[in-house]
Amino acid sequence: HLINYKKQNFQDEISNLTQNEGVNVILDFIGAPYWQQNINSLSVDGRLVLIGILGGTIIKEFDLQTLLQKRIQVTGTLLTPRSNEYKSRLKDDFLNDSKILFEQKKIKPIVDSVFTIENIKEAHTYMEENKNSGKIILTF
């Protein structure tokens with residue numbers, strides 16, 4: 001099930017879709033602004049993987065009891081400081097694990113827009129303004 005977080009409250013949608021059970025794993029690129037919704041959306045023994053902090057890093061108040069009661073695991077990682085070799089292996093593993101799903105059209109990349117390299121400034125502005133709902137492609 002897809003949830004458009006720009007138009008729908010993902011915490012409410014997850015609650016409805018899972019009969020208030022929550023989801024097992026959340027991969028979060030945003031960070032602090034979605035912390036509470038993420039925690040509320042996780043099931044017992046759920047896992048939150050922070051893979052970015054695009055929205056910020058500071059959570060002003062949070063009751064740690066929630067983590068304990070739901071036995072939530074929180075993991076954080078960043079790709080930026082990783083070696084190119086690590087990133088290359090990660091990409092290869094992903095392709096090997098998902099290739100058949102792409103071939104069967106069970107998953108597909110979502111392309112929002114295509115810009116030429118000459119319009120890279122416009123592409124970057126478009127991304128900064130959070131107008132995209134998918135990948136922005138640059139052509140050379």
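# Briefing on a predicted single-chain model

At a relative accessibility of 32%, Thr116 counts as partly exposed. This residue is part of a predicted model, in which Thr116 belongs to strand β4 (residues 111-116). The protein chain has 140 residues, 20% of which count as buried, and its secondary structure consists of five helices and five strands.

**Overall chain**

- The C-alpha trace of the protein chain spans about 50 × 35 × 35 Å along its principal axes.
- Taking contacts between residues at least 6 apart in sequence, 43% of them join residues at least 24 apart.

- Leaving aside residues up to four places away in sequence, Thr116 touches Leu138 and Thr139.
- Thr116 and Ser15 are 101 residues apart in sequence, and their C-alpha atoms are 41 Å apart in space.
- Thr116 counts as partly exposed because its relative accessibility of 32% falls between the 20% limit for buried and the 50% limit for exposed.

**Largest pocket**

- The volume of the largest pocket is about 2,600 Å³.
- Its lining comprises 42 residues, and those that lie nearest the centre of the pocket are Tyr5, Leu27, Phe29, Ile51 and Lys135.
- Two or more lining residues come from each of these elements: α1 (10-17), β1 (23-28), α4 (84-103), α5 (120-128) and β5 (135-139).
- Helix α4 gives the most to the lining of this pocket, with six residues.
- Sorted by class, the lining of the largest pocket has 26 nonpolar, nine polar and seven charged residues.
- Tyr5, one of the residues nearest the pocket centre, also takes part in the aromatic cluster described next.

**Aromatic pairs and cluster**

- The model has five aromatic pairs in total.
- One of them joins Tyr5 and Tyr34 in an edge-to-face arrangement, with 6.3 Å from centre to centre and 80° between the planes.
- Tyr5 lies in the segment before α1 and Tyr34 in the loop between β1 and α2, so this pair ties together parts that are 29 residues apart in sequence.
- Both tyrosines count as partly exposed, Tyr5 with a relative accessible area of 42% and Tyr34 at 21% relative accessibility.
- Phe10 and Tyr34 also form an edge-to-face pair, with 5.5 Å from centre to centre and 75° between the planes.
- That pair links distant parts of the chain, with Phe10 in helix α1 and Tyr34 in the loop between β1 and α2, 24 residues apart.
- Phe10 counts as buried because its relative accessibility of 13% is under the 20% limit.
- Tyr5, Phe10 and Tyr34 together form one aromatic cluster.

**Charge over a ring**

- Arg82 lies over the face of Tyr86, at 4.2 Å from the ring centre.

**Helix α2 and Asn38**

- Asn38 is located in helix α2 (residues 35-41).
- With a relative accessibility of 3%, Asn38 counts as buried.
- Not counting residues up to four places away in sequence, Asn38 touches Phe10, Ile26, Asp28 and Leu48.
- Phe10, among the contacts of Asn38, is also a member of the aromatic cluster with Tyr5 and Tyr34.

**Positive phi values**

- Most residues other than glycine have a negative phi.
- Asp45, which is not a glycine, has a positive phi of about 65°.
- Asp45 is found in strand β2 (residues 42-50) and, at 42% relative accessibility, counts as partly exposed.
- Asn130 is another residue other than glycine with a positive phi, in this case near 55°.
- Asn130 lies in the loop between α5 and β5 and counts as partly exposed, at 43% relative accessibility.

How values were computed:
Residues are numbered from 1 along each chain as its sequence is written. This is a predicted model: local features need pLDDT of at least 70, side-chain atom pairs count only at pLDDT 80 or more; totals for chains, interfaces and linings use all residues. Side-chain values use heavy atoms; hydrogens and water are left out. On a 1 Å grid over the protein atoms alone, a cavity is a set of points where a 1.4 Å probe fits but cannot get out, and a pocket is an open set with protein on both sides within 12 Å along at least five of seven lines; lining residues have an atom within 4 Å of a point. Grid points are joined across faces, edges and corners, and a volume is the space filled by probe spheres set on the points. Helices (H or I, at least four residues) and strands (E, at least two) are DSSP runs, numbered from the N terminus. Ala, Val, Leu, Ile, Met, Phe, Trp, Tyr, Cys and Pro count as nonpolar, Asp, Glu, Lys and Arg as charged, and the others, Gly among them, as polar. Buried means under 20% relative accessible area, exposed over 50%, partly exposed in between (1.4 Å probe, protein chains only). Contact means heavy atoms within 4.5 Å. Rings of Phe, Tyr and Trp (its six-membered ring) pair if their centres lie within 6.5 Å; planes under 30 degrees apart count as stacked, over 60 as edge-to-face and the rest as tilted. A charge sits over a ring if NZ of Lys or CZ of Arg is within 6 Å of the ring centre and within 35 degrees of the ring normal.
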